[in-house]
Amino acid sequence: MSLFLQQVGAIFRKDLKTELRQGHNLLSIILFGVLLLLLFSFALSVDPDLMRRMAPGLFWLSIFFTSILSLSHSFRQETEEGQWEGLLLLGTDPRALYMGKFLTNLSYTLCLQLVMLPLMAVLFDQNLSFSLGLCLFLGSVGIASIGTLYAGLTASFREAQMLLPLLLFPMLVPVLLCAVNATSLSLAHDLFGQQRAWLKLLILFDTIFFLGSTLFAETLFDRV
């Protein structure tokens, strides 16, 4: 195994162990997402048809807002305890730092969806299908790839929690638009095969964001 992959694995394992040891962070993030879905369902409960049509958009909006919490938290330990400079001084590749954080944030987003998807099906009266899995994974990759880069860039700012959603949302509009449409077609059983076009577009955006973030990470994360 190359040194780069060893560094990625070490950062990923460190973050997972830290989060599992401090389980209250993950629990609070999941509770926030569940609360958002409950509030959306209560607000639209007077019109069941509208609830079903709005379900994919409200689901991904809940995932986005909840992911902001995990993204802004992902670099807090490195910035508050000075670990960032220590990692770079030890020779850690900035791209490995980005990749490790990306895998951690992707895991959080997928775990969050595993909890929120059944809840969305119950609250919004939706029938789930296996084709949803690809939509959820590709949407999560888009959020985690560009979200990790922006979280790292804003981590050292005092107003990071305010800046991150303001900077990230405009960039994620294409990903969210594709994910919402692909999810909506999947829930509607896509009789005309339109979902494939949205999934291809989602793969294109994921590839651009992931490769661009990995290339820029070496310059933007190297603070020493």
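1. A word to start with: a residue is called buried when its relative accessible area is under 20%, exposed when that area is over 50%, and partly exposed in between (1.4 Å probe, protein chains only). By that rule Gln7 is buried, because its relative accessibility is 14%.

2. Before going on, please keep in mind that this is a predicted model, in which local features need pLDDT of at least 70 and side-chain atom pairs count only at pLDDT 80 or more, while totals for chains, interfaces and linings use all residues. Residues are numbered from 1 along each chain as its sequence is written, and side-chain values use heavy atoms, with hydrogens and water left out.

3. Back to Gln7, which sits in helix H1, residues 3-21. Helices here are DSSP runs (H or I, at least four residues), numbered from the N terminus. Contact means heavy atoms within 4.5 Å; setting aside neighbours within four places in sequence, Gln7 has contacts with Gly91, Thr92, Asp93 and Ala96. With Asp93 there is some detail to look at: a polar atom of the Gln7 side chain is 3.0 Å from the backbone nitrogen of Asp93.

4. Asp93 also takes part in a salt bridge, with Arg95, at 3.0 Å from N to O. The term stands for a side-chain nitrogen of Lys or Arg within 4 Å of a carboxyl oxygen of Asp or Glu. Asp93 counts as buried because its relative accessible area is 16%, whereas Arg95, at 30%, is partly exposed. The structure has five salt bridges by this rule.

5. Do take a look at Asp15 as well. A salt bridge joins Asp15 to Lys14, with 3.1 Å between the closest N and O atoms, and another joins Asp15 to Lys101, with 3.0 Å between the closest N and O atoms. Lys101 belongs to helix H6 (residues 94-123) and Asp15 to helix H1, so this pair ties together parts that lie 86 residues apart in sequence.

6. Lys101 is buried, as is Asp15.

7. Next, the cysteines. A disulfide is a pair of cysteine sulfur atoms within 2.5 Å, and the structure holds zero of them. For Cys111, the nearest cysteine sulfur is that of Cys135, 19 Å away. Cys178 is buried, at 2% relative accessibility, while Cys111 is partly exposed, at 38%.

8. On the surface, Phe32, Phe65 and Leu69 make up a nonpolar patch with about 240 Å² of accessible area together. Patches take residues with over 30% relative accessible area and no salt bridge, joining like charges within 9 Å and nonpolar side chains (Val, Leu, Ile, Met, Phe, Trp, Tyr) within 5 Å; the areas come from the Shrake-Rupley method with a 1.4 Å probe, and for residues only the protein chains shown count as cover. Phe65 lies in helix H3, residues 48-74, and is partly exposed, with a relative accessible area of 38%.

9. Last, have a look at Leu167 in helix H8, residues 160-187. Leu167 is partly exposed, at 38% relative accessible area, and touches Tyr150 and Thr154, not counting residues up to four places away in sequence.

Methods:
Helices (H or I, at least four residues) and strands (E, at least two) are DSSP runs, numbered from the N terminus. A polar contact is a pair of N or O atoms within 3.5 Å; within protein, one must be able to donate a hydrogen and the other to accept it, and residues adjacent in sequence count only if both atoms are side-chain atoms.
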